[in-house]
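Student: I would like to learn how to read a model feature by feature, beginning with the aromatic rings. Could you take me through it step by step?

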Amino acid sequence: MGSEGGRQRSGARPPLAGRHSVCYILNHMVQYARSRLDASFAALSDVTRRGVLEQLGRADASITNLAEKFRMTLTGMKKHVGVLEQAGLVTTEKVGRVRTCKLGPRRLQEETAWIQRYRQLWDSRFDELDKVVEELKQKETVDGRKKRE
């Protein structure tokens with residue numbers, strides 16, 4: 001098949017041309033961001049994993065040390081660290097027989113931004129609710145005076 005101006009006659013479009021491709025790319029990005037948030041919040045839903053993050057915020061630690069600190073088996077701690085690692089919150093490095101854990105490159109900025117957006121939304125809604133309540137109080141006060149007269 002010949003081409004006209006770099007485009008094949010069959011009507012095939014370059015990979016990024018057309019609105020459907022752009023929608024797919026944007027949708028993929030949104031899904032990717034959601035899955036990262038899902039992984040992070042799932043990892044943070046467990047008290048042990050939150051404790052591990054707090055501990056690693058103070059100093060790097062081996063999985064063995066973390067298991068001892070949290071009074072659990074080595075296998076159990078490996079699973080917790082694996083969940084944190086999958087979420088990008090922790091990285092591990094094996095040197096010899098020791099696997100050392102440290103905080104990952106993601107410092108919960110995306111999660112904090114997500115929470116902040118919802119906090120702003122709810123603050124705005126509560127401010128509006130406060131205005132409605134205040135208006136109702138004022139109306140009630142005025143109506144109460146009229147009834148007494």
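Tutor: In this predicted model, Phe41, Trp114 and Tyr118 come together as one aromatic cluster.

Student: How many aromatic pairs are there by this rule?

Tutor: Two rings are taken as a pair if their centres lie within 6.5 Å, and by this rule the protein has three aromatic pairs.

Student: Why are tryptophan 122 and phenylalanine 126 separated by about one helical turn?

Tutor: Because they are four residues apart in helix H5, which covers residues 109-148, about one helical turn separates them. Tryptophan 122 is partly exposed, with a relative accessible area of 42%, and phenylalanine 126, at 46%, is likewise partly exposed.

Student: Which residue lies over the face of tryptophan 122?

Tutor: That residue is arginine 125, placed at 5.2 Å from the ring centre.

Student: Turning to helix H4, which of its residues are buried?

Tutor: Buried means under 20% relative accessible area, and in H4 the buried residues are Gly76, Met77, His80, Val81 and Leu84. Viewed down the axis of H4, these buried residues fall within an arc of 130°, so they line one face of the helix. The face turned away from that buried side carries the exposed residues Thr75, Lys79 and Gln86.

Student: What span should the 13 residues of H4 have, and how far apart are its end C-alpha atoms?

Tutor: At 1.5 Å a residue, H4 should span 18 Å, and its end C-alpha atoms are 18 Å apart, which agrees with the expectation. After H4 comes glycine 88, which has a positive phi near 80°.

Student: Finally, what pattern does the protein follow along the sequence?

Tutor: The protein has five helices and five strands, which follow the pattern β-β-α-α-β-α-α-β-β-α when read along the sequence. Buried residues make up 19% of its 149 residues, while the accessible surface comes to about 11800 Å², 53% of it belonging to carbon and sulfur atoms.

Notes: Residues are numbered from 1 along each chain as its sequence is written. This is a predicted model: local features need pLDDT of at least 70, side-chain atom pairs count only at pLDDT 80 or more; totals for chains, interfaces and linings use all residues. Side-chain values use heavy atoms; hydrogens and water are left out. Helices (H or I, at least four residues) and strands (E, at least two) are DSSP runs, numbered from the N terminus. Buried means under 20% relative accessible area, exposed over 50%, partly exposed in between (1.4 Å probe, protein chains only). Accessible areas come from the Shrake-Rupley method with a 1.4 Å probe; for residues, only the protein chains shown count as cover. The expected span of a helix is 1.5 Å times one less than its number of residues. The arc is that of the directions from the helix axis to the C-beta atoms. Rings of Phe, Tyr and Trp (its six-membered ring) pair if their centres lie within 6.5 Å; planes under 30 degrees apart count as stacked, over 60 as edge-to-face and the rest as tilted. A charge sits over a ring if NZ of Lys or CZ of Arg is within 6 Å of the ring centre and within 35 degrees of the ring normal.
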